[in-house]
Amino acid sequence: MVIDWLNNTSSTTPEEQEEQRKWMMDFVKAKSLWTIDLVMLLQNMLELNSNKLTSSSYLFCSNRFGIDESYNHLHYYKDAFSDDQIRVKSLFEKAEQQNLPLMQVSHMSLNILIDLVSRENVVAIVLLDNTIFSNSMANEEAASNDDGSEVSYSGHYVVLCGVSSDNNDINIANMNSIRDGSENHNHCLVIKNPAIWKETQFVTPSLFESSWRAKGTDEDIILVTKLS
């Protein structure tokens, strides 16, 4: 999605999307995906396509660079956690050696993020807890698996590409969020979600923020900017 945006391509065929997906998975070579994997992938794609893509830059922001040992108790990470520790640590070391644009931020304001993606030349790849985002367990406490691991968290990446103040879009966002029935919003967030068929999805700010700040996400964001 982001590469198509940088390439000023409105859409790709299903065959092209599948080819891109296969190439990405071959590049990562891991069962689980961490945001640093996407950073290295994005860096590689920008280097390979420097003559084709619009001049651009990116910035990876997170409240933690590395692995939180407590995530071993989240079922989403548990199966590959030991291997991920070694691999992710190595990738962060490689990113530091290459002076890639990483910034540790203890708490990024949602208003700042909204201001950034309101600009036509900025989008953000965001890690969300899909369990909260999809509302499947929105009002339930974290469950436990037989092995004692928490099963509520499910990491999922979306592209935050704008903000809408259109009343129809806001109404759609409110209808899609059972968490926000008593809240009034004068805007909603516009995302591209690879998990659904719709071209764009409208989301209330509070649902987005609760999914983004959930345990397991580290509030990871990759800001991508077109420079020309």
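Predicted model: local features only at pLDDT ≥ 70, side-chain atom pairs only at ≥ 80, totals over all residues.
**View 1**
You'll find aspartate 218 in the loop between helix H9 (205-212) and strand E7. Its phi is positive, about 55 degrees, even though aspartate 218 isn't a glycine. That stands out, because most residues other than glycine have a negative phi. Asparagine 99 is another non-glycine with a positive phi of about 55 degrees. Look for asparagine 99 in the loop between helix H5 (81-97) and strand E2 (102-104). Asparagine 99, though, is exposed, at 68% relative accessibility.

**View 1. The seven-stranded sheet.**
Follow the strands across this open sheet and you get the order E2-E1-E7-E3-E4-E5-E6, with mixed pairing. At the edges stand E2 and E6 (201-203), each with a single partner strand, so one side of each has no neighbour in the sheet. On average, neighbouring strands are turned by 30 degrees against each other, if you ignore direction.

**View 2. Strand E3, wrapped up by the rest.**
Now zoom in on E3, which covers residues 122-129. Eight of its eight residues are buried, so E3 is largely enclosed by the rest of the structure. In a regular strand, side chains alternate between the two faces of the sheet. Here both faces are covered: Val122, Ala124, Val126 and Leu128 are buried on one side, and Val123, Ile125, Leu127 and Asp129 are buried on the other.

**View 3. Who pairs with whom around E3 and E4.**
E3 and E7 (residues 221-226) pair in the antiparallel sense over five bridges. If you want a spot to check, valine 122 has threonine 225 as its bridge partner in E7. E3 also runs antiparallel to E4 (residues 155-164), and six bridges join these two. There, leucine 128 has histidine 156 as its bridge partner. Step along to E5 (residues 188-192), and you'll see five bridges joining this strand to E4, again antiparallel. One place to look is valine 159, whose bridge partner in E5 is lysine 192.

**View 4. Salt bridges.**
Side chains of opposite charge can pair when their charged atoms come close. How many salt bridges does the structure hold? The count is six. One of them joins arginine 64 and aspartate 68, at 3.5 Å from N to O. Arginine 64 is partly exposed at 35%, while aspartate 68 is buried at 17%. Arginine 119 and aspartate 115 meet at 2.9 Å. Both ends of that pair are partly exposed, with arginine 119 at 43% and aspartate 115 at 42%. Glutamate 219 and arginine 213 meet at 2.8 Å, and glutamate 219 is buried at 13%. Finally, Asp37, Asp84 and Arg87 are linked in a network of salt bridges.

Trp23, Phe27 and Leu48 make a nonpolar surface patch of about 290 Å². Tryptophan 23 sits in helix H2 (residues 14-28) and is partly exposed, at 34% relative accessibility.

Cysteine 161 is partly exposed, with a relative accessible area of 24%, whereas cysteine 188 is buried at 1%.

Terms used:
Residues numbered from 1 in each chain as written. Heavy atoms only, no water. Buried < 20%, exposed > 50% of the residue type's maximum accessible area, 1.4 Å probe, protein only. Helix = DSSP H or I, 4+ residues; strand = E, 2+ residues; numbered from the N terminus. Pairing = 2+ DSSP bridges. Patch = residues over 30% accessible without salt bridge, like charges linked within 9 Å, V, L, I, M, F, W, Y side chains within 5 Å. Areas by Shrake-Rupley, 256 points an atom, 1.4 Å probe, with all protein chains shown as cover. Salt bridge = Lys/Arg side-chain N within 4 Å of Asp/Glu carboxyl O. Axes fitted to C-alpha atoms, helices over the stretch in contact; angles between N-to-C directions.
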